[in-house]
Amino acid sequence: MLLIACPYCGNRPETEFRCGGQAHIARPADPAALSDEQWSGYLFVRDNPRGVHAERWNHVHGCGRWFNALRDTVSDRFLETYKMGEKPSRTESTEAGSTPVKSTQAEARA
Ligand SMILES: [Zn+2]
């Protein structure tokens, strides 16, 4: 069984969690100034990378809290989980077939 590390509770079975989609999407500062196409892009268009992807997750059958995770979409392996408002120690990689993260950027953030 896949274990996911909730930043608040520790490792728990994957059946306790629900994915909330792509993380780090900023709401436009002035939505009324956007065109319909820009607004629909904000609402519906999301990345679908092959590789490391930042996602929001909810520990719905546990503490109920939201957190972020870096997950490799090829291997379904969780590389890191972190609380809302925090930054990951690694970076996303959307290059096809490249599961390793870019170590130079990860070191720069550390
Ligand atoms: Zn939890």
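Predicted model: local features only at pLDDT ≥ 70, side-chain atom pairs only at ≥ 80, totals over all residues.
Me: Where does strand β4 lie, and how many of its residues are buried?

Reply: Strand β4 covers residues 52-58. Six of its seven residues are buried, so the strand is largely enclosed by the rest of the structure.

Me: What should I keep in mind about side chains in a strand?

Reply: In a regular strand, side chains alternate between the two faces of the sheet.

Me: Which strand does β3 join, and how many bridges are there?

Reply: Strand β3, residues 18-22, is joined to β4 by three bridges. The two run antiparallel.

Me: How many bridges join β4 to β5, and in which direction do the strands run?

Reply: Seven bridges join β4 to β5, which spans residues 66-72. This pair is antiparallel.

Me: Now the charged side chains. How many salt bridges does the structure hold?

Reply: There are three. The cut-off is a side-chain nitrogen of Lys or Arg within 4 Å of a carboxyl oxygen of Asp or Glu. Start with Arg71 and Glu55, whose closest N and O atoms are 2.8 Å apart. This pair links distant parts of the chain: Arg71 sits in strand β5 and Glu55 in strand β4, 16 residues apart.

Me: Is Glu55 buried or exposed?

Reply: Buried means under 20% relative accessible area. Glu55 has 4%, so it is buried. Arg71 has 15%, so it is buried as well.

Me: Which other residue forms a salt bridge with Arg71?

Reply: Asp76 does, with the closest N and O atoms 2.8 Å apart. Asp76 is partly exposed, with a relative accessible area of 35%.

Me: Which salt bridge does Arg90 form?

Reply: Arg90 pairs with Glu80, and their closest N and O atoms are 3.8 Å apart. Arg90 lies in the loop between β6 (77-83) and α2 (103-109), while Glu80 is in strand β6, so the pair ties together parts ten residues apart in sequence. Arg90 counts as partly exposed at 31% relative accessibility. Glu80 is buried, at 15% relative accessible area.

Me: Which residues do shared partners join into one network?

Reply: Glu55, Arg71 and Asp76. Trace it through Arg71, which forms a salt bridge with Glu55 and another with Asp76.

Notes
Residues numbered from 1 in each chain as written. Heavy atoms only, no water. Buried < 20%, exposed > 50% of the residue type's maximum accessible area, 1.4 Å probe, protein only. Helix = DSSP H or I, 4+ residues; strand = E, 2+ residues; numbered from the N terminus. Pairing = 2+ DSSP bridges.
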